[in-house]
Amino acid sequence: MSITYLEAIREAQALALKNSEDVFIYGQDIGLFGGAFKSTKGLYNDYPNRVIDSPISEDAMVGLAVGAAIEGMRPIIEMQFADFSSVGFNQIVNQAATMYWRTSVPCPITIRLPSGGTPGSGPFHSQCMETIYAHYPGTIVMTPSTVEDAYSMLLEAVSIDDPVIFCEHKYLYYHLKAESLPRKALPAQKARILRPGRHATIIAYSAMVHEAVSAAEILSKDGYEIEIVDLRCVKPIDIDTVLGSIARTGRVLAVGESFPWGGVTAEIISQISSEGFNLLDAPPARLNSIDTPIPYHPELWRYHRPTANSIEEKIRKLIKE
Amino acid sequence: MANIANHEEGSESDLSKVVLDTFRWMILARTFEDRISNIYRSGKIFGGVYVGKGQEAFSASMAINLVKGQDVYSPLIRDMAGRSAFGEPLVDAARTYMGSSNGPTKGRDGNVHRGNPREGMPTMISHLGAMISVVSGVLFARRIKGTLNNSVGATTIGDGGTSTGAFHEALNLAAVEKLPLIVSIANNQFAYSTPTSKQFACHDLVDKAVGYGVNGINVDGTDLIDCIQGFQSCIQKARAGEGPQIVVGNLLRLSGHGEHDDAPYISEEIKKSKLGIDCLKKSEKRILDEGWCNQNDIDDMFKNAVNEVNSAIETAESESAPDPYSHDWNAYSSVKFDQ
């Protein structure tokens, strides 16, 4: 038996619906149709009153979730694509994320963002939004990179009493497979040392973890041992695990698929520079996409985002410094 | 607060009772906001002051028809009268304006941004239209849980707020789900300084109801009895499962956008029109004409309001300001971040 990243997301939602009658899923085409990516396939049949189609109204979908949370429920909102969450931006950052602070009433909602690029998807079906939402106080932002994490972290997201932005990567939906789903899991807010090393550390999250692993494989043929830290959650950042790794390697590259101005990788470099400067043997480096909208053509798209090759190149330069 | 079931079919004494109850909340709101405006001018209020002068009848008439503990009510900036009629303690209003650490937001937000979500009053954010879907969400959750029973949700907006995408999305969603939602639109002719001619092009705001497939009515926002009866009719329809209801109140904002604004853009012509009639004075005259009470009774209502306002302000003034050094600087209920 094997299970994909996408199926893990479906299974996590099935279990969340089974475990609590307070859980419901709301989104476009998610009912009988099973969702644009089929991540709610069959759930409507088992829970017709709690797997509900919405109109194309991202603002109102999130507002509705906030109201339901006030009433004690734990809604899961599926955005059809992360890109469209910009239409619900106000309700996410101003309504949901501020609610506990303003009113002392928790806002336990999970917003699923099918994120990231796939060949041919273009500027409006490829975005990574984690930076935008992580910027605001009151949100927790998860970016799982494995089948097991997609499952366990989504279950944890639903159980958390604050708004969770769950960035699930579309490129991983079908590519990643695992033999089984985990029974125990590392807490979502802990980073994981995915691969030990001693020459340099790559900090990555979501689909970039796999590009980093491929780069590390290439570099290992030349005798370089690259440590990889999978952040798993980008708000909050588990900076202790990051600094622990840099203490071993002395060199660091932070990799993210999102746009280069500011963002998660910049935040990591900033925290490393102020809290772990003395651990560094070379200037900390970062790699993001090119600073343009995301291109449609697969040849342009592959060049636009970080890849194993561009990461490898950056690491070779970092090691020589 | 009062619940006025079936007064349309009831006796005149039922109507007079609800009119007098609502009128008392109008007086309290006007008295409180006049006082807060004076304190603002003396420089003792942090942030702005936004009053509902001229909109008290429309605001209070919605809330008087709701049942606290059962219904949901999310007021907006010009709903002091509605808030009080729904059951908001006056001292909480004073505390929020004066920045008391004992207020519902503990100094984290001010003036009209107060409420109590778990007691049926979701707390407004400033983005117009955003509360409509939140109220809908409470109703939606109740329906899933089987606890909707006879409850309704009500929220308010102005003519300007109807131009937002959030208003459109939320009204459409509520209509699709046939939720027992009542949206009042105080058509007070200006959104800050912008006249309705630059806000919408439909002949009448209530025409929007047809587009959403919901019921909508117009009421004379300066006329207390028209407001009470209009809301009663629509709220009964919502309770009976007839889906969302829009109630448009036509009136004039008898103030600036906030107390910092002397509103030179409001013409004398419109002030002297029927829209510019002060609902408080009009209600008082009608009550006296009908003989529902006498002048002494009304004088007592004003005196009682002054006493209540004095007491609330005094309490809020005597309380401590929030202390940044002992404040819980945490935006999360589930985790504690290092600051």
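What does the domain assignment of chain A give? I got domain 1 (3–178) and domain 2 (192–320), with bounds from an automatic or database domain assignment.

Ground rules for these notes. This is a predicted model, where local features need pLDDT of at least 70, side-chain atom pairs count only at pLDDT 80 or more, and totals for chains, interfaces and linings use all residues. Residues are numbered from 1 along each chain as its sequence is written, chains are lettered from A and ligands numbered from 1 in the order in which they are written, and side-chain values use heavy atoms, with hydrogens and water left out.

**Domain contact, chain A.** I took the centres of domain 1 and domain 2 of chain A over C-alpha atoms and found 26 Å between them. Domain 1 of chain A puts 30 residues into the contact and domain 2 of chain A puts in 22 (contact means heavy atoms within 4.5 Å). Together the two domains of chain A bury about 2100 Å², 58% of it on carbon and sulfur atoms; buried area is the accessible area (1.4 Å probe) that two parts lose on being put together, summed over both. I noted Thr131(A), Thr143(A) and Ser145(A), which supply 21% of what domain 1 of chain A buries against domain 2 of chain A, more than any other three residues.

**Sheet, chain A.** I traced an open sheet of seven strands with mixed pairing, in the order S3-S2-S4-S5-S7-S6-S12 (chain A). Strands (E, at least two residues) and helices (H or I, at least four) are DSSP runs, numbered from the N terminus, and two strands pair if DSSP finds at least two bridges between them. S3 (51–53) and S12 (233–235) of chain A are the edge strands with a single partner each, so one side of each has no neighbour in the sheet. S4 (residues 74–78) and S5 (residues 110–115) of chain A run parallel, joined by three bridges; Ile76(A) has Thr110(A) as its bridge partner in S5(A).

**Two buried residues.** Ala96(A) lies in helix H4 (residues 89–103) of chain A. Ala96(A) is buried at 1% relative accessible area (buried is under 20%, exposed over 50%, partly exposed in between; 1.4 Å probe, protein chains only). Leaving aside neighbours within four places in sequence, Gln55(B) has contacts including Arg78(B), Asn188(B) and Cys279(B).
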